[in-house]
Amino acid sequence: MERGTLQHVPRSIKSSTDMQFKDQFLQKLKYAKRIVFFTGAGISAESGIATFRGADGIWNKMKPEELANFDAFMKNPDLVWEWYQHRRDIIHKVQPNTGHFAIAEFEKFYDVTVVTQNIDNLHKRAGSSKIYELHGNIERNYCVDCYESYNTPNFELTNTAPRCEKCGGLVRPDVVWFGEMLPQDELESGDKAAAWSDICFVVGTSAVVYPAAYIPMSAKKGGSYVVEINLERTELSRSVDYSIYGKSGEILPQILEQAKNLRTDL
Ligand code: OAD
Ligand code: ZN
C-alpha cells in the first residue's frame, strides 16, 4: 500500500490499526522535540460533548448573544448560570477519551504543550501537564465585583447564580464570553509555544474563532510542521502541511503508536 495516501485507502480494508501516514510526517515525528496540540470542541466530541458548529452544534440551538456574553449575564444571571450549570453537569458525567489520553502520553516522548479552546477541563483530567486554556475553564468561577475565585470541587454549585461571600457580587463562570478579551498570558504563552514547536497538531477545531485561530498560523510562520486532524476540511486545510481526516480519538492513538516505534529506534 502506498504511503501518504490515507484518503485513498478504501474504508473497507482500513482497520483502525493499519492507518498509513505520509513519510515526511513520520520523519518529523521521529526527530521532533517540541509538540503543540491546538485543540477545539472536536477532541471532546467522542466523550459525548456537543461541538459548537455543524448540524448538532450548540450554536444551532442556542443564540450565543443571549447566553455567552456579559450583558446577558447581568440582565438574567440565573438563566445564564443555569445553562453553564447544565454544561457542567454534562462534563462531570463524561470521561476524557482516547484522544485526550494519547495527547497526555505524548509527554513521555516529547516536550508537549496543549493550547486549547475548550473549557471542559478534559485535558487536565486525562493527565496533560502543560495546558494553556484560551477560553477559560468551566470549573472556575469568580466574583464580577471583587474577582474572588470560587472553584470546584470546593465550591458548592447551585442552580441559580451564586453571590460572593466577600462582597455580595455576582459569581460568574471563568470563561471567555463574546466581546471579552482572552487571558493575555495564556494567549501569549500558547502563541510562543506554537511558534517554537517542531510539529503543531490542530485537532477538532473549525479554526474560525479569532484570536485563537492565529495559533496554527504562528506555528506555520515559526517553521513548525502543521498537521490538521479533523472529520472534514476546514478553513485551515489549504494552509497546513498535512491533513488527516477522521476521528481524533482513533487517529491520535495511532500517531502515538508510530511515535513510540520511531523514538525507540533513535
Ligand atoms: P467547532 O464546533 O466550531 O468545530 C468543531 C470541529 O471539530 C469541526 O471542524 C468538526 O468537523 C470537528 N470534529 C467533530 N468531531 C470530531 C472528531 N471526533 N474528531 C476530529 N474532529 C472532529 O468548535 P471550535 O473550533 O472549538 O468559543 O470552536 C471554537 C470556539 O467557538 C469555541 O471555543 C467557542 C465557540 O464559540 C467560545 O465560547 C469563546
Ligand atoms: Zn466579591
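A: Pro 211 sits in the loop that runs between β6 (199-203) and α10 (214-221). Helices here are DSSP runs of H or I with at least four residues, strands are runs of E with at least two, and both are numbered from the N terminus. The model is a predicted one, in which local features need pLDDT of at least 70 and side-chain atom pairs count only at pLDDT 80 or more, while totals for chains, interfaces and linings use all residues; side-chain values use heavy atoms, with hydrogens and water left out. Residues are numbered from 1 along each chain as its sequence is written, and chains are lettered from A and ligands numbered from 1 in the order in which they are written.

The peptide bond between Tyr 210 and Pro 211 is cis, with omega at about 5°. Ala 207 also lies in the loop between β6 and α10. Although Ala 207 is not a glycine, its phi is positive, at about 55°. Ala 207 counts as buried because its relative accessible area is 4% (buried means under 20%, exposed over 50%, and partly exposed in between, with a 1.4 Å probe and protein chains only).

Ser 206 belongs to the lining of the largest pocket, where Ala 41, Thr 51, Phe 52, Arg 53 and Ser 206 lie nearest the centre among 45 lining residues. Two or more lining residues come from each of α2 (42-45), α6 (77-93) and β7 (225-230). The volume of the largest pocket is about 1000 Å³. Pockets and cavities are found on a 1 Å grid over the protein atoms alone: a cavity is a set of points where a 1.4 Å probe fits but cannot get out, a pocket is an open set with protein on both sides within 12 Å along at least five of seven lines, and lining residues have an atom within 4 Å of a point. Grid points are joined across faces, edges and corners, and a volume is the space filled by probe spheres set on the points.

The lining of the largest pocket is made up of 21 nonpolar, 16 polar and 8 charged residues. In this scheme Ala, Val, Leu, Ile, Met, Phe, Trp, Tyr, Cys and Pro are nonpolar, Asp, Glu, Lys and Arg are charged, and the others, including Gly, are polar. Domain 1 (1-49 + 97-135 + 182-266) and domain 2 (50-93 + 140-175) each give at least three residues to the lining of the largest pocket; the domain bounds come from an automatic or database domain assignment.

Helix α2 holds Ala 45. With a relative accessibility of 36%, Ala 45 counts as partly exposed.

The largest contribution to the lining of the second largest pocket, 5 residues, is from α6. By class, the lining of the second largest pocket has 10 nonpolar, 6 polar and 4 charged residues.

The count of cavities of 30 Å³ or more comes to 1. The largest cavity has about 40 Å³ of space. Among the residues that line the largest cavity are Thr 116, Asn 121, His 123 and Glu 133. Helix α8 gives the largest share of this lining, 3 residues. Asn 121 is in the loop between β2 (111-116) and α8 (122-126). Asn 121 is not a glycine, yet has a positive phi of about 70°. At a relative accessible area of 15%, Asn 121 is buried.

Lastly, the metal site. The zinc ion (ligand 2) is coordinated at 2.3 Å by the SG atoms of Cys 143, Cys 146, Cys 164 and Cys 167. Donors are N, O and S atoms within 2.8 Å of the metal (3.2 Å for Na, K and Ca), and sites may look incomplete because water is not among the atoms. Along the chain, the donors of the zinc ion (ligand 2) follow the spacing C-x2-C-x17-C-x2-C. The arrangement around the zinc ion (ligand 2) is tetrahedral because its 4 donor atoms subtend angles of 98 to 116°. Four donors count as tetrahedral if all angles lie between 85 and 135 degrees; four count as square planar and six as octahedral if opposite donors are over 155 degrees apart and all others between 65 and 115, and anything else is irregular. Cys 164 counts as buried at 5% relative accessibility, whereas Cys 167 counts as partly exposed at 41%.
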